[in-house]
Amino acid sequence: MGRVRNWQLGRDMEYPHAAERPQRQFTMIMDTNKCIACQSCTIACKSTWTWGKGQEYMLWNNIETKPFGFYPLGWDVNVLERLGEQEWDGDVYAGKTVFEAAAPGESVLGWTAEEEDWSHPNIGEDEPTGDAVETTHVPDRPHSLMWMYYLQRICNHCTYPACVAACPRDAIYKRPEDGIVLVDQARCRGYQECLTACPYKKTHFNLETRVSEKCIGCYPKLEQGLQTECTTSCIGRLRLTNYLSPPDQADPRKPADFLVHVRKIALPIYPQFGLEPNVYYIPPTHVPPEYLTQMFGPGVEEAIAMYETARNDPELLGLLLLFGSTERIIDTWDVRDGVARAYDEDGEEIVAVPLREPTFVRELTFTTQVEGRPVTGYRHNT
Amino acid sequence: MSGGRQVTRRDALLYGGAAAGGLVAGGAAVAGIAAAVERRREQRPLEGAPIVARAVDGPLPVESPSDGAWRSARAVSVPLVPQQLVPPHLERAGVSEIAVRALTNGGELALLLEWEDASVEDLDGIGRYNDAVAVQLPARAGATPPPITMGAPGAPVHVLQWRATWQRDLDSDGRTGVDQIYPNVVHDVMPDDVLPPETAALYWVGRKAGNPLSQVGRRSPVEAVVAEGVGTITHLPKQAARGRGVHEGGRWRVGIGIPSARKGVGDALAPGTSWPVTFAVWLGSEENRGGRKHIASWQTLEIQGRA
């Protein structure tokens, strides 16, 4: 065990390997408020990477309805239950991580999902919690009666991955160039320790090759400066593939650093597990903050307040509008004259998006003459 | 067997006279007595004694674990304990001993390994782990055995592992997978249906990357590896071990044979030499895999010279 710095916990923590941050860290920002669970991302991923024999049940990317959707069944509540009630002391996590709570002889506090647990990726879909007393329309926020939301899930390419910690063969590693976590397909011996250890349950066992596989962050695209398949196929334009710095090296000109460290609008998922996950979520605005705080840690209400006033923050609004506007990875952006512009690493403009789409309001009625007489007409949908 | 179900003659033969509850007279009782006599005639396994590889002439019955020729070698019972030296630990023991017999004909060393396991786990799936057994020998001769935890840098060990999955592969034309785990599976279009073979092969990445676990057309249910410590298993480029496992009467009985010369591995297992040897057993039903295994302390293997 070594001591490593986990900034999401605001403290150092125990981890089986030495601290070694990559040169830069792959990250994804998800705006949960825009998702309609169309699963375009899921299909894009599936049809690109996992349509082979032996990969039938695998969804490296999935969308689940919270609170009742899970893939695999109960993935998060199972860890939360085993971890027990834990506390945050302000922004500092006072509880135990899955590494610190591991039993003697184990690297991680884990659990193994059963075959059946992987068999219902759409369980709980669109199922709200709470009582529908009189109507399904709930005007207040957060919703007092009933709510649900969609959670977008890929491998978190954690800074301190539990799969890496648990692999007895060092067959899983973080790429130094972009922090993507990969299973060495030649080295893995199929022990499935990673499946037991990963609290997000984002490693999978290939039934034909008998080794573990997982989300590869679409690294062949990344290497060409392109965003991932799940990002570019998203019709809700809610994802941003980017790179994230640790907070002490945050550069406000970089999109992910701005969203995570400057505006603090996007939060990690279950930071209390201690893996320093690198997928960040703009929390859903209508969900009770107690639930969201359990899932995204401290800062949920501030993030939602920031999101709700984004219309008055051109820099933030411009960046949010650049989500899904280009296949290329955005290095920097700016907003001038009502237009948000994205730039690549050479400073070349990639794409420009107006903060407000040009609109034309047609008159509802028009006047003309019929047989020499003035007539007022009603404009139909023509 | 319980619950008032009609006990058949087949049950009696499969499960023994006691389990049949006396409902079947005659044939079953006779069979039970015969088995008891047979057991008495056979010597009880020795405990704490060296494992003597008896020198015999001719081919060894490696792939016939039930062959009577094994009886000429005295069985030694080796105690097994849950592996709790390095993480991940095996929390609970599912088997307490392994019986070992050894034979040699000068060119090959053969071991017969037997242990109790009520169920057969011979498919690798999600949360499905296989039954397996392994033999560990030092790669090199020497006074001090390598660390029992699979050797150490500079002190390599030679490990021969038999897996029930590989046995089933062999017994099923070389391959088991999705179609055997889920016999009613219906496939959509698969890469090899629509892509050129070399492109389709990319979708079995482990296989394409050369992982020995992922290959089809296995020739032996035994894999020979070397290791210099936990987590360092290295597949030997030349695989010369053979073997066969059968499951009978709630026991696995596995024969493993290796060429005594151990070319490319280490020192020969020559007649008249003595070696430290140890064993590991995995019960798939108890989620044993990798380091979650039953282990034994170093035993002594004496390889008989010809008389």
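Predicted model: local features only at pLDDT ≥ 70, side-chain atom pairs only at ≥ 80, totals over all residues.
1. Start with W51(A), which sits in the loop that runs between helix 1 (40-49) and strand 4 (62-66) of chain A. With a relative accessible area of 21%, W51(A) counts as partly exposed, because buried means under 20%.

2. Look across to chain B from there. Leaving aside residues up to four places away in sequence, W51(A) touches V189(B), M190(B), P191(B), V194(B), L195(B) and Y203(B), along with K46(A) from its own chain. The side chains of W51(A) and Y203(B) also make a polar contact, at 2.9 Å. As for P22(A), 29 residues away along the chain, its C-alpha atom is 30 Å from that of W51(A).

3. H204(A) is in strand 12 (residues 203-205) of chain A. This histidine is buried, and its relative accessible area is 0%. Its contacts, again not counting residues up to four places away in sequence, include Y57(A), M58(A), L59(A) and W60(A). Also touching H204(A) are Y71(A), W118(A), L195(A), V211(A), S212(A) and E213(A).

4. Now for helix 7 (residues 255-262) of chain A: seven of its eight residues are buried, so the rest of the structure largely encloses it. The buried ones are P255(A), A256(A), D257(A), F258(A), L259(A), V260(A) and H261(A).

5. What covers those buried residues of helix 7? In chain A, the cover includes strand 3 (25-31), strand 14 (239-244), strand 16 (279-282), helix 10 (314-322) and strand 17 (332-336). Just after helix 7, have a look at K264(A), which takes a positive phi of about 50°.

Terms used: Residues numbered from 1 in each chain as written. Chains lettered and ligands numbered in written order. Heavy atoms only, no water. Helix = DSSP H or I, 4+ residues; strand = E, 2+ residues; numbered from the N terminus. Buried < 20%, exposed > 50% of the residue type's maximum accessible area, 1.4 Å probe, protein only. Contact = heavy atoms within 4.5 Å. Polar contact = N/O pair within 3.5 Å; in protein donor to acceptor, adjacent residues only side chain to side chain.
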